[in-house]
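Colleague: Could we go through this model together? I would like to discuss its charged pairs and a few individual residues.

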Amino acid sequence: MTTTGPRLEEITPANLDAALGIRVHPAQEHAVAPVVKSLAEAYVHPGTAWPRLILDGDRPVGFLMAFLDIDWHGDGSVRRSGLWRLNIAAGEQGMGYGRFAVESVARELRRRGRTELHVTWHPGPDGPEGFYRSLGFRPNGETSGDQTVGVLDLV
């Protein structure tokens, strides 16, 4: 039986190659790490990283990785959860999969009792700021490296 519509799947040996095959548009490669780097980070941060393959029916269309309760400043003063990576395949963009991914992470964080979803983005005309702002994220005045930090209220 084939399921239609987008859904998330845990990364397993059976779908690893599909996840590794997700490629964003070449113009976006500077703004998001490839899936292989995300999976390496998930391997070394097993209690923090939440990687998922995005499928539409049986077709892989994207990859997301959330972060769960990270020590934001490295001193124990602030713990945050949010969207770490979002890679929508180049030929699948503009079809609602990015929105689905963000809504899925928001649902998971609410289930875990969180009240905010954080994300970072590269600023500039070719970055995803417009996408994130259209979903309700607002810059919170912080940066993380050279990226803008945005927050979405989940209450």
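This is a predicted model: local features need pLDDT of at least 70, side-chain atom pairs count only at pLDDT 80 or more; totals for chains, interfaces and linings use all residues.

Colleague: Which residue does arginine 7 meet in a salt bridge?

Modeller: Its partner is glutamate 9, with an N to O distance of 2.9 Å.

Colleague: And is arginine 7 buried or partly exposed?

Modeller: Arginine 7 is partly exposed, at 21% relative accessibility. Glutamate 9 is also partly exposed, because its value of 26% lies between the limits of 20% and 50%.

Colleague: What about arginine 59; with which aspartate does it form a salt bridge?

Modeller: Arginine 59 pairs with aspartate 56, and the closest N and O atoms are 3.9 Å apart. The cut-off for a salt bridge is 4 Å, so this pair is included.

Colleague: Is aspartate 56 buried or exposed?

Modeller: Aspartate 56 has 18% relative accessibility and therefore counts as buried, the limit being under 20%. Arginine 59, by contrast, is partly exposed, with a relative accessible area of 36%.

Colleague: Turning to the helix, where do glutamate 129 and arginine 133 lie?

Modeller: Both are in helix H4, which covers residues 129-134, and they are 4 residues apart, about one turn of the helix. A salt bridge links glutamate 129 to arginine 133, with 3.6 Å between the closest N and O atoms. Glutamate 129 is partly exposed at 26% relative accessibility, and arginine 133 is partly exposed at 43%.

Colleague: A change of topic: what is the phi of aspartate 69?

Modeller: Aspartate 69 has a positive phi of about 55°, although it is not a glycine. In general, most residues other than glycine have a negative phi.

Colleague: Where is aspartate 69 found, and how exposed is it?

Modeller: Aspartate 69 belongs to strand S3, residues 59-71. Aspartate 69 is partly exposed, with a relative accessible area of 27%.

Colleague: Lastly, which side chain does glutamine 147 join in a polar contact?

Modeller: The side chain of glutamine 147 makes a polar contact of 2.7 Å with that of threonine 120. Glutamine 147 lies in strand S7, residues 147-153.

Colleague: What else is in contact with glutamine 147?

Modeller: Leaving aside neighbours within four places in sequence, glutamine 147 is in contact with Thr120, Trp121, His122, Pro123 and Glu142.

How values were computed
Residues are numbered from 1 along each chain as its sequence is written. Side-chain values use heavy atoms; hydrogens and water are left out. Helices (H or I, at least four residues) and strands (E, at least two) are DSSP runs, numbered from the N terminus. Buried means under 20% relative accessible area, exposed over 50%, partly exposed in between (1.4 Å probe, protein chains only). A polar contact is a pair of N or O atoms within 3.5 Å; within protein, one must be able to donate a hydrogen and the other to accept it, and residues adjacent in sequence count only if both atoms are side-chain atoms. Contact means heavy atoms within 4.5 Å. A salt bridge is a side-chain nitrogen of Lys or Arg within 4 Å of a carboxyl oxygen of Asp or Glu.
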